[in-house]
Amino acid sequence: MPKQDEVKNELFPLLLEASALTFGTYTLKSGRVSPYFFTSSLLHTSALLASVARAYATVLTSPPFSIPSAVSDTTDCAVAQGHEPTYDILFGPAYKGIPISAIVTRELEHSGAPYSNVSYAFNRKEAKDHGEGGIIVGAPLKDKRVVIIDDVMTAGTALREAVSIIQAQGGIVVGVVLLLTRQERVSETESRSAMQVAQDELGVPVRAVLTFEDIMDAVERGDIKGAGPEQFEQMRVYREKYGSKDFEERTAGQATR
Ligand SMILES: O=P(O)(O)OC[C@H]1O[C@H](OP(=O)(O)OP(=O)(O)O)[C@H](O)[C@@H]1O
Ligand SMILES: O=C(O)c1cc(=O)[nH]c(=O)[nH]1
């Protein structure tokens, strides 16, 4: 089983146990009214934080975020020296991205010497006008390769804000890693997902440990306490309204295979 599927299988039941996924009526940052909500702020125990950190770190230490290290030619045959990161900094957008960027940076220390200088940074939602001032906390971003780490992506507003903050500081966005992509269209006029738009426009990899499809499948199987056929139908209707084009294309492709 691919490493990233193993991570998903380990993490998903823990998220459910922590009630990080709930069903009801929720107004989102985008103004959309959703029948489900993912609350990463409930992942606050040391055991859960450890699992969350491992999940992100697994993605970040695998291609395309990590690449084989420079080969050594001290002998006639070149020998690969493991992997090294393609990034210098993990950036967590305020607020929920903040603890995540810190715990994942800490977790990377277990991945060997090439990761020991990976740093974290995050923004303040309001600029500080005393002390060190400014809106960035953590590593300076100028000329650094930055991966954005967030919990969930819906319409991509938080991601766009993070990209402009990083670019204004002279940083270079080289990737995005999320816990959950809700696979929604960006807007009425942009039917691609926020994830696809970010990949197309920034030209960088965007990955999520879990997808909306994973949640739908789990609800359909009856694996989630408090979510049955009624919730499945509400999610189906919500997907009709806000599902992205790339999501539709993939499910159509699966149906014809
Ligand atoms: O893709 P989008 O439509 O932007 O929605 C997703 C964003 O919304 C939430 O943050 P939010 O800013 O609501 O709150 P927080 O301060 O609790 O992190 C979430 O943590 C994502 O960052
Ligand atoms: O789009 C959002 O605002 C949003 C969705 C979600 O599932 N969880 C969250 O924290 N924010």
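## How we know what we say about this fold

Mentor: Let's start with burial: 40% of the 257 residues of the protein chain count as buried, where buried means 20 or more other C-beta atoms within 10 Å of a residue's own, exposed means 12 or fewer, and partly exposed lies in between, with C-beta atoms placed from the backbone. This is a predicted model, in which local features need pLDDT of at least 70 and side-chain atom pairs count only at pLDDT 80 or more, while totals for chains, interfaces and linings use all residues. Residues are numbered from 1 along each chain as its sequence is written, with chains lettered from A and ligands numbered from 1 in the order in which they are written.

Trainee: Why does Val146 count as buried?

Mentor: Val146 has 26 C-beta neighbours inside 10 Å, and the cut-off is 20 or more, so Val146 counts as buried.

Trainee: Where is Val146 found, and what does Val146 touch?

Mentor: Val146 belongs to strand β8; strands (E, at least two residues) and helices (H or I, at least four) are DSSP runs numbered from the N terminus. Leaving out residues up to four places away in sequence, its contacts include Tyr87, Phe91, Leu141, Ile166 and Val173, a contact being two C-beta atoms, placed from the backbone, within 7 Å.

Trainee: What makes the protein chain as compact as a globular protein of that length?

Mentor: The protein chain has eight helices and 10 strands. Its radius of gyration is 19 Å, close to the 18 Å that the globule rule gives for 257 residues, so the chain is as compact as a globular protein of that length. The radius is taken over C-alpha atoms, and the rule is 2.2 Å times the number of residues to the power 0.38.

Trainee: How do you know that the span of α4 agrees with what a helix should give?

Mentor: The expected span is 1.5 Å times one less than the number of residues. For the 12 residues of α4 that should be 16 Å, and the end C-alpha atoms are 17 Å apart, which agrees.

Trainee: Which residues of α4 are buried, and why do we say they line one face?

Mentor: The buried ones are Ala158, Leu159, Ala162, Val163, Ile165 and Ile166. Seen down the axis of α4, they fall within an arc of 165 degrees, so they line one face of the helix; the arc is that of the directions from the helix axis to the C-beta atoms. On the face turned away from that buried side sit the exposed residues Ser164 and Ala168. The buried residues of α4 pack against β5, β6, β8, β9 and α5.

Trainee: What follows α4?

Mentor: Gly170 does, with a positive phi near 85 degrees.

Trainee: How do the residues around ligand 2 divide?

Mentor: Ligand 2 is surrounded by Leu28, Lys29, Ser30, Phe37, Phe38, Val152 and Thr154. They divide into four nonpolar, two polar and one charged. Here Ala, Val, Leu, Ile, Met, Phe, Trp, Tyr, Cys and Pro count as nonpolar, Asp, Glu, Lys and Arg as charged, and the others, Gly among them, as polar.

Note on methods. A residue is near a molecule or strand if its C-beta atom, placed from the backbone, lies within 6 Å of it.
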